[in-house]
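Reader: I would like to learn how to read cavities and chain contacts in a model. Please take one feature at a time.

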2 protein chains.
Amino acid sequence: MVDLMIKNGLVLTMNKERLIIKDGCVAVEEGKIVDLGKTKEIEGKYKADEVINASEKIVAPGLINTHTHLSMTLFRGLIDDKKPKDWLPTVWKIESNLTREEVYCGALLGALELIKSGTTTFSDHYFFMEEVAKAVRESGLRACLAQALLELMGPDLGQNKLSYTVDFAKKFRGAAGGRVETFLGPHALYSVTEETLKKIREVADKENFRIHLHMAESKWEIEMVKEKYGKTTVEKLNEMGFLKPDVVGAHSIFVSENEIKILAEKRVNVAYCPTTPIKAGVGVAPIPEMLQEGVNVSLGTDGAGSNNTLDLFRELRMAAVIHKLRKLNPETLPAFQVLEMATVNGAKTLGMEKGIGSLEKGKKADVIIVDFKKPHVTPFHNIPSTLVYSTVGGDVDTVIVDGKVVMRERKVLTLKEEEIIDKANACFKELVEKAGMETKLM
Amino acid sequence: MVDLMIKNGLVLTMNKERLIIKDGCVAVEEGKIVDLGKTKEIEGKYKADEVINASEKIVAPGLINTHTHLSMTLFRGLIDDKKPKDWLPTVWKIESNLTREEVYCGALLGALELIKSGTTTFSDHYFFMEEVAKAVRESGLRACLAQALLELMGPDLGQNKLSYTVDFAKKFRGAAGGRVETFLGPHALYSVTEETLKKIREVADKENFRIHLHMAESKWEIEMVKEKYGKTTVEKLNEMGFLKPDVVGAHSIFVSENEIKILAEKRVNVAYCPTTPIKAGVGVAPIPEMLQEGVNVSLGTDGAGSNNTLDLFRELRMAAVIHKLRKLNPETLPAFQVLEMATVNGAKTLGMEKGIGSLEKGKKADVIIVDFKKPHVTPFHNIPSTLVYSTVGGDVDTVIVDGKVVMRERKVLTLKEEEIIDKANACFKELVEKAGMETKLM
């Protein structure tokens with residue numbers, strides 16, 4: 001007896017042997033993959049409570065979004081086509097009035113969007129993270145949550161104390177039936193004091209927490225850090241002994257050849273968010289160079305306030321094409337390598353490579369089922385090409401997290417879609433009013 | 001009495017005044033918009049055969065794709081991550097065995113994809129164009145079709161004669177109840193002789209045809225043209241007296257400041273395809289510079305063999321973000337300007353600005369209805385931002401061309417979706433076998 005059987009699918013395992021199983025079957029019990037192989041070999045072995053027919057569909061590991069700010073879905077479209085110097089103060093102005101109810105509202109909206117575009121695990125960095133944890137529990141998603149800590153700039157919500165990020169991490173570790181993991185969340189080198197960062201390093205070492213921070217995100221940051229410390233962001237963090245394999249550095253755009261070597265040597269994980277810095281006119285991280293040096297690079301969407309989407313499939317496409325332009329070479333970052341970023345590399349970034357990122361016996365049953373019988377993915381013949389260049393989030397038919405079906409045939413079972421949308425629209429209006437801003441249809 | 005009334009929508013007219021009508025209504029009769037305004041003012045004036053409720057939806061002009069090769073949907077995913085020197089011979093090898101049945105099959109698949117992503121008019125350039133015209137007639141789409149002419153390279157299907165492109169243009173002008181317009185289709189300066197191009201110019205002048213060609217698409221092209229003519233592509237075409245307001249130059253990537261001035265002065269239209277040359281590692285056309293000089297720039301997807309999508313919404317997003325990166329300035333190409341490219345500018349490129357591109361009384365009823373009650377476009381408050389940065393083709397709910405509903409609530413009424421997908425998959429297999437190629441799942 002198993003809880004769930006997914007049969008007749010084209011199973012993309014993303015295991016080390018790059019195994020694909022045609023007419024494949026995945027058997028799930030107590031949240032884990034207990035068997036997988038050819039349907040004809042597996043289906044007779046078990047009785048299943050629920051059977052999903054994945055015929056003409058790809059069965060793949062759920063995507064992993066390693067850098068986002070879930071509740072910022074509420075900011076979507078508010079500050080487009082503006083310079084960072086106009087962008088950031090606006091965000092901070094709105095955020096300084098943020099309530100925990102609003103964070104919860106935005107987190108539910110983000111959770112809906114993640115599920116509907118095939119992400120099963122996300123790594124979040126924001127305020128009032130208890131509210132995000134609540135949304136994770138209700139949505140059925142898996143998440144790594146970090147309570148943000150900004151000491152030197154940014155909004156003051158009374159949470160910018162070391163104790164907040166540490167206490168949250170301790171209290172919520174393993175929450176939502178083990179689906180919540182917690183990280184420490186210093187915002188960045190330029191927004192937190194050296195002293196605090198050293199304390200965070202100590203806590204991380206002692207309590208075995210990972211650290212999620214922004215790193216080398218803008219030229220402006222690098223200049224500020226150089227002025228203060230006489231070094232670049234990566235150099236300074238390295239000098240402080242901060243860089244270890246438990247560090248997740250989001251963005252990492254402005255890093256030199258030598259700094260890439262440091263990231264590789266210290267086994268720092270880079271959460272690469274392709275679109276945000278393109279749309280912000282900032283730059284492109286040297287990703288092929290990092291991969292070449294052996295840096296673990298995973299994918300993220302960043303927040304919907306800047307990107308404006310949490311659909312990792314759009315980021316797969318952008319990641320795959322933008323470096324071909326940068327290098328003037330279309331062989332750069334082939335589709336499969338980008339797919340690894342959003343699955344196995346993502347798992348490694350989050351320290352979860354033993355549990356998620358690929359479909360293998362004994363791993364957690366975080367699975368997406370993607371339709372390939374649609375005009376825009378026809379003819380269907382190559383999986384990486386289809387998933388990276390043609391598929392959109394809306395092609396994801398069914399989503400399973402921890403062995404539970406959270407979306408079936410595009411219907412999210414764990415959340416009330418229409419209610420959440422209405423509430424988010426109302427919440428947005430309030431936020432804008434509180435900040436004394438105006439919006440216009442055009 | 002009117003044929004169709006679309007009511008309660010948020011009507012984005014894209015007219016010169018940038019009018020938006022809240023709770024708007026569009027009345028359609030005999031393929032044309034006969035009235036539009038507030039629903040409460042319009043709906044009492046007419047009885048309608050069919051009423052569409054566009055509540056919580058944007059009612060917008062159908063998108064216009066000004067450069068594609070529709071039947072190349074059959075090549076989707078076949079030649080990704082490869083250098084042009086490997087890419088082009090592969091394409092030509094397959095194309096040299098192409099049958100008219102295959103072109104028809106690919107055209108139907110492409111038509112499905114266009115409709116399902118909100119494009120109502122496309123401008124096509126390929127072989128066996130009678131077959132594409134047939135697909136246009138059946139699908140209900142509007143199109144400008146050009147029979148391709150390659151004399152000096154490329155596949156030989158027995159159609160590379162001046163008479164073919166001219167005869168097709170004459171014979172199919174006004175076909176499909178006026179929904180087909182025909183252009184002359186010289187492939188490019190480097191692939192057609194100077195003599196033939198001069199004859200094409202003469203025919204165009206005499207018969208009042210527009211000309212659709214590839215222009216300044218690669219460095220390789222520019223070098224070849226320079227070697228042959230001692231000039232760049234735009235310079236040489238200009239010297240020949242070829243450049244006039246009836247020319248549609250696809251791509252136009254490698255153009256100097258001075259050449260942009262020539263394009264502006266000669267009122268040449270540029271069909272800009274953002275993704276293909278990024279994915280091919282070729283470059284980015286200087287679009288903001290062209291707009292600055294007054295060049296009319298419209299949007300295209302190119303063929304799905306290179307892009308790999310015909311979804312113009314993805315190109316809207318790419319067009320809007322990539323120049324922000326190029327200019328390191330997020331104020332570059334704001335969302336509304338990109339929306340203009342895919343609507344009013346597209347109409348101008350095709351010489352159809354009096355008929356399509358905006359929703360105005362007397363214009364043709366080419367209308368799309370786009371859902372904005374979905375998690376990934378919430379909160380909804382700004383139309384250009386939503387359509388350019390968040391919307392995907394799958395958000396288009398209903399498509400109307402020439403006053404006829406061709407898709408209602410995501411169901412295409414004019415074409416048999418499943419049958420076309422199956423046939424396209426079979427066609428693809430045959431094509432690959434004929435070319436002695438192999439495909440692999442990964």
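Reader: Which helices each supply at least two residues of the lining of the largest cavity?

Author: Rolling a probe the size of a water molecule over the atoms shows where empty space is left. A cavity is a set of points on a 1 Å grid over the protein atoms alone where a 1.4 Å probe fits but cannot get out, and lining residues have an atom within 4 Å of a point. Helices are DSSP runs (H or I, at least four residues), numbered from the N terminus. Here α13 (312-326) of chain A and α12 (312-326) of chain B each supply at least two lining residues; α13(A) gives the most, with 5 residues. This is a predicted model, in which local features need pLDDT of at least 70 and side-chain atom pairs count only at pLDDT 80 or more, while totals for chains, interfaces and linings use all residues. Residues are numbered from 1 along each chain as its sequence is written, chains are lettered from A and ligands numbered from 1 in the order in which they are written, and side-chain values use heavy atoms, with hydrogens and water left out.

Reader: What volume does the largest cavity have?

Author: A volume is the space filled by probe spheres set on the points, which are joined across faces, edges and corners. For the largest cavity this is about 160 Å³. Its lining includes Phe313(A), Met318(A), Thr275(B) and Glu315(B).

Reader: How many salt bridges are there between chain A and chain B?

Author: A salt bridge is a side-chain nitrogen of Lys or Arg within 4 Å of a carboxyl oxygen of Asp or Glu. The count is 8. One of them pairs Lys373(A) with Glu418(B), with the closest N and O atoms 3.3 Å apart. On the side of chain A that touches chain B, α13(A) has the largest share, 8 residues.

Terms used:
On a 1 Å grid over the protein atoms alone, a cavity is a set of points where a 1.4 Å probe fits but cannot get out, and a pocket is an open set with protein on both sides within 12 Å along at least five of seven lines; lining residues have an atom within 4 Å of a point.
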